[in-house]
Amino acid sequence: MKNIIILAVLLISTTAIAQRGDRSNREERENRIETLFIAYVTDKLELTTDEAAKFWPIYNEIKQERRALEKKKRALINEIDDNMQAMSDQQAQSYVNKVIALEKEINLKSFENRSKEIIAVVGAKRFLLLKKSEVEFRRKMISEFKKKRRRD
């Protein structure tokens, strides 16, 4: 029953979020999706209050680190794109090295590489459930957005 209620809230909220198309509301939509995600994962993992208090700061730290690195990588790719025509082979090799270094750093900041921290809080079985829940949540969100587009 609890899962049905959360799913209903998820679907209704997702539909409401999808209906808003303004860029000015983008941050608001992202915050709502994040809130739905937190509720979904907390329910799926059956986190206690104490576990949630330990788990979410670790999860959010990893996510923020990865976002910052991905943003840095996108900026580097844009710089490469802007300079591509006038770039020498030496400059190109320098960019290749920078991209590879950033990708290595992104991989080091992955949830899988920092799994010990998360497993210490929730255990190995629930870590696997976390990975499954992340995929399920994304699928549900994509499905809702596709349904909304078909209706429009």
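Analyst: Happy to! Angles under 35 degrees count as roughly parallel, over 145 as roughly antiparallel, 65 to 115 as roughly perpendicular, and the rest as oblique. The angles run from 0 to 180 degrees between N-to-C directions, and the axes are lines fitted to C-alpha atoms, for helices over the stretch in contact. This is a predicted model, in which local features need pLDDT of at least 70 and side-chain atom pairs count only at pLDDT 80 or more, while totals for chains, interfaces and linings use all residues. Residues are numbered from 1 along each chain as its sequence is written, and side-chain values use heavy atoms, leaving out hydrogens and water.

User: Thanks! How many helices and strands does the protein chain have?

Analyst: There are 6 helices and 0 strands. Both are DSSP runs numbered from the N terminus: helices are H or I with at least four residues, strands E with at least two.

User: And how much of the chain is buried?

Analyst: Of its 152 residues, 30% count as buried. Buried is under 20% relative accessible area, exposed is over 50%, and partly exposed lies in between (1.4 Å probe, protein chains only).

User: Now packing: at what angle do α2 and α3 cross?

Analyst: Helix α2 (residues 26-45) and helix α3 (residues 49-83) cross at roughly 135 degrees, and their axes come within 13 Å. The two are therefore oblique to each other.

User: Which residues make that contact?

Analyst: From α2 they are Glu34, Phe37, Ile38, Val41, Thr42 and Leu45, and from α3 Phe55, Trp56, Tyr59, Asn60, Lys63 and Arg67. Contact here means heavy atoms within 4.5 Å. By class, the residues are 7 nonpolar, 2 polar and 3 charged. Ala, Val, Leu, Ile, Met, Phe, Trp, Tyr, Cys and Pro count as nonpolar, Asp, Glu, Lys and Arg as charged, and the others, Gly among them, as polar.

User: Which α2 residues are buried?

Analyst: Among them are Phe37, Val41 and Leu45, which also belong to the contact with α3. Arg29 and Asp43 are buried as well.

User: What happens just after α2?

Analyst: Glu46 takes a positive phi of about 50 degrees there, although Glu46 is not a glycine. Glu46 lies in the loop between α2 and α3 and is exposed, with a relative accessible area of 65%.

User: Is Arg114 buried or exposed?

Analyst: Arg114 counts as buried, at 13% relative accessibility. Arg114 sits in the loop between α4 (89-108) and α5 (115-122).

User: What does Arg114 touch?

Analyst: Not counting residues up to four places away in sequence, Arg114 touches Glu61, Ile62, Glu65 and Leu108. Arg114 and Ile62 are 52 residues apart along the chain, with their C-alpha atoms separated by 8.1 Å.
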